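Hi,

Here is the structure I said I would pass on.

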Number of protein chains: 2
Amino acid sequence: MKDLPGMPGTPGGLGLRVLQLLFAAISLAVMSSTADFASVSAFCYLITTTVLQCVWSLTVAIVDIYALLVKRCLRNRRAVTLFSIGDGITWLVSLSGACAAAGITVLIDADLIMCSENPCASFQTAVAMGFMCCFSLLPSFLLNFYSIASSHG
Amino acid sequence: MKDLPGMPGTPGGLGLRVLQLLFAAISLAVMSSTADFASVSAFCYLITTTVLQCVWSLTVAIVDIYALLVKRCLRNRRAVTLFSIGDGITWLVSLSGACAAAGITVLIDADLIMCSENPCASFQTAVAMGFMCCFSLLPSFLLNFYSIASSHG
C-alpha cells in the first residue's frame, strides 16, 4: 500500500479533516442562525448533512491525531477500506445537501427576487461553505480509493 | 490493465451507456414538456445536464459499438483515463442538477403544497430519471477509475 500525503494517519490527512470540520461547522452555524430554515426541507437536509459531516470528520481527525502521537501506521487495507467507504458516503450526502440548498437559494435570489424578505446572504454563505466542505473531502476519498485499487493491482 | 465487465468496449459497458442515454432522454423529455420550467433556474440546469449526459453517453456508446464491431480493445491507459475523466465530470454535473431540481420539487410539493397549480408529477418523474441516470453512470466511472489505479499498482 503506497504512502501518499493526505492519507489517514499523516499530517496532510489531519489537515484535510480539520478543514472539512471547519467548513461544515461554519455552514451549520450560519444556516441554524437563520430564522426560517425549518420551513424549507432542503435547508433542514443541509443542516443534517453538515452534522453528519462534522461527526465523521471529528471521528477520523481523532483517529489521525492518535495515530500521529503513537506513530502508528494506519495504512492497512481494512482501515483504508473503512475510511474510503465512510468518505464516499459522507461526500455524496454532503454534495446532495449543498446542491439542493443551492437550488432553493438561487430560486429565492434570482427567480423570485425575494431577498428583501429572506436572509439571502446567510443562505448563500451556508451553501458556499457546504460546497467547500465537499471539495475538501474529495481528495481524502480519491486518495483512499486510489490506494485500495493500487494495492489490488 | 484488467478486463472487467462493464468497461468501455464490452457489451456490459455498452448496456450501461444505453441505460444512461435512456434515463437522460426521458428526464429531458418530461422536464421540457412542462410549461413553466424556464421560470426556475434549477429546472433549466437539470435540462442542461441531461443534454450533456445524452451527448456524452451517445458518443461513448458509438465508440463502444465501433470497438465491438471491429473487435478492437479499448483498454489502453490513455483511452480509459479519458473515459474516466469524462464520466467523473458528467456524473458530478448530473448529480448536482438532479439534487437541485429535487430540492425545488420537494419545496413545491411538501413545503408550499402548491401541486394543484404545478405539474408536480412531471417534476418528480424528471428528477427521478435524473437520479437513475446518475446511478447508472456510477459503475462506469468507478470501474474506469479502479482500472487506472490498478494498473499503477
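This is a predicted model: local features need pLDDT of at least 70, side-chain atom pairs count only at pLDDT 80 or more; totals for chains, interfaces and linings use all residues.

Let's start with how the two chains sit together.

Next, the inside. Which residues of the largest nonpolar core touch the most other members? They are Met31(A), Phe43(A) and Ile104(A), along with Met31(B), Phe43(B) and Ile104(B), in a core of 34 residues. Helix 1 (11-33), helix 2, helix 3 (77-111) and helix 4 of chain A each supply at least two residues of this core, and so do helix 1 (11-33), helix 2, helix 3 (77-111) and helix 4 of chain B. There is another core apart from it, made of ten residues, including Leu137(A), Leu95(B), Cys99(B) and Cys134(B).

Setting aside its neighbours within four places in sequence, Met31(A) is in contact with Phe37(A), Phe43(A), Leu46(A), Ile47(A), Phe123(A) and Ala126(A).

The largest pocket has a volume of about 450 Å³. Its lining has 24 residues, and those closest to its centre are Leu107(A), Leu112(A), Leu107(B), Leu112(B) and Met114(B). Helix 3 of chain A and helix 3 of chain B each give at least two residues to the lining of the largest pocket, and the largest share, four residues, comes from helix 3 of chain A. What classes of residue make up this lining? It divides into 15 nonpolar, four polar and five charged residues.

The second largest pocket comes to about 350 Å³. It is lined by 15 residues, and Trp91(A), Phe141(A), Trp91(B), Leu138(B) and Phe141(B) lie nearest its centre. Here helix 3 and helix 4 of chain A, together with helix 3 and helix 4 of chain B, each supply at least two lining residues. By class, the lining of the second largest pocket has 13 nonpolar residues, two polar ones and no charged ones.

How many cavities of 30 Å³ or more does the structure hold? There are two.

The largest cavity has a volume of about 40 Å³. Its lining is made of Leu46(B), Thr49(B), Thr50(B), Ser94(B), Gly130(B) and Cys133(B). The elements that give two or more residues to that lining are helix 2 (41-69) and helix 4 (120-152) of chain B, and helix 2 of chain B has the largest share, with three residues. Two of the lining residues are nonpolar, four are polar and none is charged.

For the second largest cavity, the volume is also about 40 Å³. Around it you will find Leu46(A), Thr49(A), Thr50(A), Gln53(A), Ser94(A), Gly130(A) and Cys133(A). Helix 2 (41-69) and helix 4 (120-152) of chain A are the elements that give two or more residues to this lining. Helix 2 of chain A provides the largest share, four residues. The lining of the second largest cavity has two nonpolar, five polar and no charged residues.

Finally, a few single residues to look up. Is Ser147(A) buried or exposed? Ser147(A), which lies in helix 4 of chain A, has a relative accessible area of 1%. Since buried means under 20% relative accessible area, Ser147(A) counts as buried. Ser147(A) is 91 residues from Trp56(A) in sequence, and their C-alpha atoms are 20 Å apart in space.

Lys71(A) is in the loop between helix 2 and helix 3 of chain A. Its phi is near 55 degrees, a positive value in a residue other than glycine. Lys71(A) is exposed, with a relative accessible area of 73%. In chain B, Lys71(B) is in the loop between helix 2 and helix 3, and it has a positive phi of about 55 degrees although it is not a glycine. Lys71(B) is exposed too, with a relative accessible area of 72%.

Happy browsing!

Note on methods: Residues are numbered from 1 along each chain as its sequence is written. Chains are lettered from A and ligands numbered from 1 in the order in which they are written. Side-chain values use heavy atoms; hydrogens and water are left out. On a 1 Å grid over the protein atoms alone, a cavity is a set of points where a 1.4 Å probe fits but cannot get out, and a pocket is an open set with protein on both sides within 12 Å along at least five of seven lines; lining residues have an atom within 4 Å of a point. Grid points are joined across faces, edges and corners, and a volume is the space filled by probe spheres set on the points. Ala, Val, Leu, Ile, Met, Phe, Trp, Tyr, Cys and Pro count as nonpolar, Asp, Glu, Lys and Arg as charged, and the others, Gly among them, as polar. A nonpolar core is a set of buried Ala, Val, Leu, Ile, Met, Phe, Trp, Tyr and Cys residues joined through side-chain atoms within 4.5 Å. Buried means under 20% relative accessible area, exposed over 50%, partly exposed in between (1.4 Å probe, protein chains only). Contact means heavy atoms within 4.5 Å.
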